[in-house]
Structures are given as C-alpha cells and as structure tokens.
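Me: I have a two-chain model open. Walk me through how to read it, starting with what joins the chains.

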Amino acid sequence: MNINKISAITSTNTYLKELLRNDQSLNELAVVAEKQTQGRGQMGTEWHSQEGKSLTMSALKRLEGFHVENRFCLSMLVSIAIKNVLSFYNLPDIKIKWPNDILSANKKVCGLLLEPVLKKDQIKAIIIGVGLNLNETEMPDLPQAASIKMLTGKHIDIDTFALEIVYEINEQFFKLNSQPYSVIKREYLNCLYRKGVLSVFKDPAGNEFNGLITGVSNSGKLQVATELGEKEFDLKEIKLLNGL
Amino acid sequence: MDIKEIQNLIKFVAKSGASEVKLEMGDIKITIKTGGDDSKGETTYIQQVPVQPQAQPQQSAPQPVVESATATKEAVTTEEDKYVTIKSPIIGTFYRKPSPDKPAFVEVGSTIKEGDPLCVIEAMKLFNEIESEVSGKIVKVLVDDSSPVEFDQPLFLIDPS
C-alpha cells in the first residue's frame, strides 16, 4: 500500500473519497496529513489536531464479496489494529471503548472515522480515518484525551508511526479471509472497555440504570446485562456514565 | 399518494378502456396513457411531478422531451418496470448530505451515473455511503434527512436511462 504525505489538507477521509469517486479502480492507498484544517469526527463534529503533533491519516481498503451484514467486523479489525500498535509503544491499560474509540489509562488516545462504500448489499471499500494524539504535551481543552507523549514520555516519529498503523491494518484485514469472525470478535471483546464491570448507564429519557457490558451483537449493538435481563442497545439508546 | 395506489390506478385505467387519464391532486400530477396506436401491447406511462413551491427549472424543463419520447415508441408497461427503487441495505440513520454543512448528494431531478453516491446511512458509527446501482434521474427521495430507516426500506426512485 502506498503512503502519500500531504502538507495541508481539509480532511484525509474526504480526500480519499473524492479520489475513489474519480477513479473507481483506485489502488489501496494511505494518506497522511501534516496539517489537517477541517478534520471530521462523527457527523458534524470536528477533529482538532495540532500540526506536527497529531497523526491524521486515512487509508483506503478494498473488499471483495463482503456482505454488509458483517460490517461491524471492520470496526473491530481497525480498533484491534490501533490497539496493537499502541501496545508496541507500551501504552498502559489499552482498551477499546464501544464502538471504536481507543483509550489508554482511561483517556482517549485515538478516534476513528469509518466510511464504508456500499453498492447494494456489498461493501466494496472502506475509508478508514485515524486521528491519534502523538506528541501533544498538553490538551487543555480536552480533559478526557491524552497523547502517547503524555502517557509514556516518549516522542514519537509520525512517519514511522503511520507506517506501523498501515501495516497493522493490512495485517488485520487479512484475517477476513483466514479467520472466522467469531475469533475477531473474541479479540475485540478481550479489550472492550468496562466489559464485565458494574457500570452506570443513561437512556435517552435520562433514566440511569446499572448494568454489565457482556458483549456486542453481530450488527455492533452493545449487549448489557441489566436488572431487567440481557438487553441490546444502539449507540443512541445508551450512554455510559462511568469513566469517559 | 403511494406506489400501491398508483399501481391500482394504472390497473383501473387500463380496464376502463380510456386512452388517456390526467389527474392532479395537490402537488402530484399523474398522466396515464394506454394503448398506443402502433405498439402491440398496452402502453401505460406514468409521470409523477412533485410541483414544489420552489420548483427548480431543471425539474420542469426536460418534461416535454420525456412526453414526446413516450408518445413515439417507448412501450413502458408499469411503473415498477420503469423506475428502479434503491433500498436501504441496513438499519440506521439516513443522511442526504456528506456532512451537515454540505449540499445534498442528490435532489429530485439530479442526473446520476452508476456508482455515484446517493446518501449515507449511519449505524454504530459506521458511515455507510450508498452508491447508485444504475444511471438515470432521481424521480423521488422517499425519506427525510436525518431520519431512521429500516432494512429494505425504499429510499429513492430512479428513472434509469
């Protein structure tokens, strides 16, 4: 996979999406931005990055014969890839917060923006946006976030780190052809934040309730054991109040 | 008026023996023509023109062309044959724009190519961009922006060309 470096860009995900739209046979490719001016988080939110300190990159992965019902596998694979790279840098207590934030020592280190491209019921490609806090020494406006430098004291070379992310994502995507999805899910659940720990949740009506995260469904819903039995929740149906 | 009602209307007109029926109800205008002179079978043509207050010129401009095309030979049997329905492949939230500050991917009347993006359906933080299976023109957008959609729910009607 080629890695392109771009000095200034609005959003690496948007950039790759437009490249793909103009060239349907575009090869797999990663783009690293030195400076991202309009980074995107979830629908409408922004991803702020400090020039030279944050990693903002996107990768295009192509898929063949991949049915949309398995879509959450992609979320799990990318989360696992990031977790593996962070482990290599000796970050403490790395967890995946459902569905795909990566935490270390209860602080958010990495956010993902995943944009699959579908035709009918097949996912033919996915654009993986990675925003990762590397060399920030302080993040005063984001008390729940931390950088690798803040957590380990080490300065990280952005280019090397980007290469490792790309390598790990490729490694993880090989699993789609070589491992049953249940194995991928087990690996994801092994590092799921607050799994099996009594936690407090809030529903959209504002009611608080206790529960234990037990797993995720195949479509990616969070499975929680509550006093009223095992329940599944969509992202909008539940908010975890403990920790982040 | 939904598709089922339109289909029933076509059947009714076909049985009645009338050669042409024009119907206007509020913002919907339907023209059904049957039994063209030289075509073997029965020719039914439906045109559904949402006449919105802010009707754009490109919506109304091409219509005479379509009309004359059907008048000559195009034997179209039913609406279902004519239009392609794009359905939601998953449960999620339907977005017509790539991001809130951007224009919609498509509008009624937009000409699209196969592979052009039509919408985004978000589910569990996966922002699924749905591509068109066909080239053609958007006839109808069936779901409002930012609303929940079910699996297999019709999203767009496209007139393939």
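Reply: Start with polar contacts, meaning pairs of N or O atoms within 3.5 Å; within protein, one must be able to donate a hydrogen and the other to accept it, and residues adjacent in sequence count only if both atoms are side-chain atoms. Between chain A and chain B, 11 residue pairs are in polar contact, both at pLDDT 80 or more. On the side of chain A that touches chain B, helix 1 (12–22), helix 2 (72–88) and strand 6 (107–119) of chain A each supply at least two residues. Strand 6 of chain A gives the largest share, 7 residues. Helices (H or I, at least four residues) and strands (E, at least two) are DSSP runs, numbered from the N terminus.

Me: What should I keep in mind about the model itself?

Reply: This is a predicted model: local features need pLDDT of at least 70, side-chain atom pairs count only at pLDDT 80 or more, and totals for chains, interfaces and linings use all residues. Residues are numbered from 1 along each chain as its sequence is written, chains are lettered from A and ligands numbered from 1 in the order in which they are written, and side-chain values use heavy atoms, with hydrogens and water left out.

Me: How many salt bridges are there between chain A and chain B?

Reply: A salt bridge puts a side-chain nitrogen of Lys or Arg within 4 Å of a carboxyl oxygen of Asp or Glu. The count between chain A and chain B is 6. One pairs Arg21(A) with Glu129(B), with the closest N and O atoms 3.4 Å apart.

Me: What area is buried between chain A and chain B?

Reply: Buried area is the accessible area (1.4 Å probe) that two parts lose on being put together, summed over both. Here that is about 2500 Å², and carbon and sulfur atoms give 59% of it. Contact means heavy atoms within 4.5 Å. By that test, 31 residues of chain A meet 24 residues of chain B.

Me: Is Asn100(A) buried or exposed?

Reply: Buried means under 20% relative accessible area, exposed over 50%, partly exposed in between (1.4 Å probe, protein chains only). Asn100(A) has 0% relative accessibility, so Asn100(A) counts as buried. Asn100(A) sits in the loop between strand 4 (94–97) and strand 5 (101–104) of chain A. Its side chain makes a polar contact with that of Ser75(A) at 3.2 Å. Leaving out residues up to four places away in sequence, Asn100(A) touches Ser75(A), Ser79(A), Leu112(A), Leu114(A) and Lys125(B).

Me: And chain B as a whole?

Reply: Chain B has 4 helices and 10 strands. Of its 161 residues, 44% are buried.
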